[in-house]
Amino acid sequence: SELSILVNQFILRRTNVLLSKHLPPKVIQVICCKLTPLQETLYLELVNSKQARRLVKDTDEGQKKKISAVLPLINSMKRLCNHPKLIWESLNEKKK
């Protein structure tokens, strides 16, 4: 306890309040664009994958799935939209 009190005096913490004084306001822009043909193909592979079909089937049957089971699929879709190379290797590994 005494050690943590001593150490905390010297630790700099960048809180939102402190940062907001020195940084410009955060600007969020949402830009919609069409997928490339490669992205469309990979998207269809993701949607029709065993994992995606299992998740849809489980929710159709009324079973409650934990959100942690859906997150990897959502993250893969986000990576695909950013750039196909981000998921290209993982898709090729699953095919083998």
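1. Leaving out residues up to four places away in sequence, Gln39 touches Leu80, Cys81 and Pro84. The model discussed here is predicted. Gln39 lies in helix α3, which spans residues 37-47. The side chain of Gln39 also reaches the backbone oxygen of Leu80, at 2.9 Å.

2. Gln39 has a relative accessible area of 7%. Because this value is under 20%, Gln39 counts as buried.

3. The buried residues of α3 are Gln39, Leu42 and Leu46. They cover an arc of only 70° around the axis, so they sit on the same side of α3. An α-helix has 3.6 residues a turn, so residues three or four places apart point the same way.

4. The largest nonpolar core consists of eight residues: Leu42, Leu46, Ala52, Leu55, Leu73, Leu80, Ile87 and Leu91. At least two residues of this core come from each of α3, α4 (50-60), α5 (67-82) and α6.

5. Ile87, one of the core residues, is in contact with Leu46, Ser76, Arg79 and Leu80 when its neighbours within four places in sequence are set aside. Leu46 and Leu80 are likewise members of the core.

6. Ser90 is found in helix α6, residues 85-95. With a relative accessible area of 31%, Ser90 is partly exposed, whereas Gln39 is buried. The C-alpha atoms of Ser90 and Ser76 are separated by 9.6 Å, and the two residues are 14 residues apart along the chain.

Definitions and conventions
Residues are numbered from 1 along each chain as its sequence is written. This is a predicted model: local features need pLDDT of at least 70, side-chain atom pairs count only at pLDDT 80 or more; totals for chains, interfaces and linings use all residues. Side-chain values use heavy atoms; hydrogens and water are left out. Helices (H or I, at least four residues) and strands (E, at least two) are DSSP runs, numbered from the N terminus. Buried means under 20% relative accessible area, exposed over 50%, partly exposed in between (1.4 Å probe, protein chains only). A polar contact is a pair of N or O atoms within 3.5 Å; within protein, one must be able to donate a hydrogen and the other to accept it, and residues adjacent in sequence count only if both atoms are side-chain atoms. Contact means heavy atoms within 4.5 Å. The arc is that of the directions from the helix axis to the C-beta atoms. A nonpolar core is a set of buried Ala, Val, Leu, Ile, Met, Phe, Trp, Tyr and Cys residues joined through side-chain atoms within 4.5 Å.
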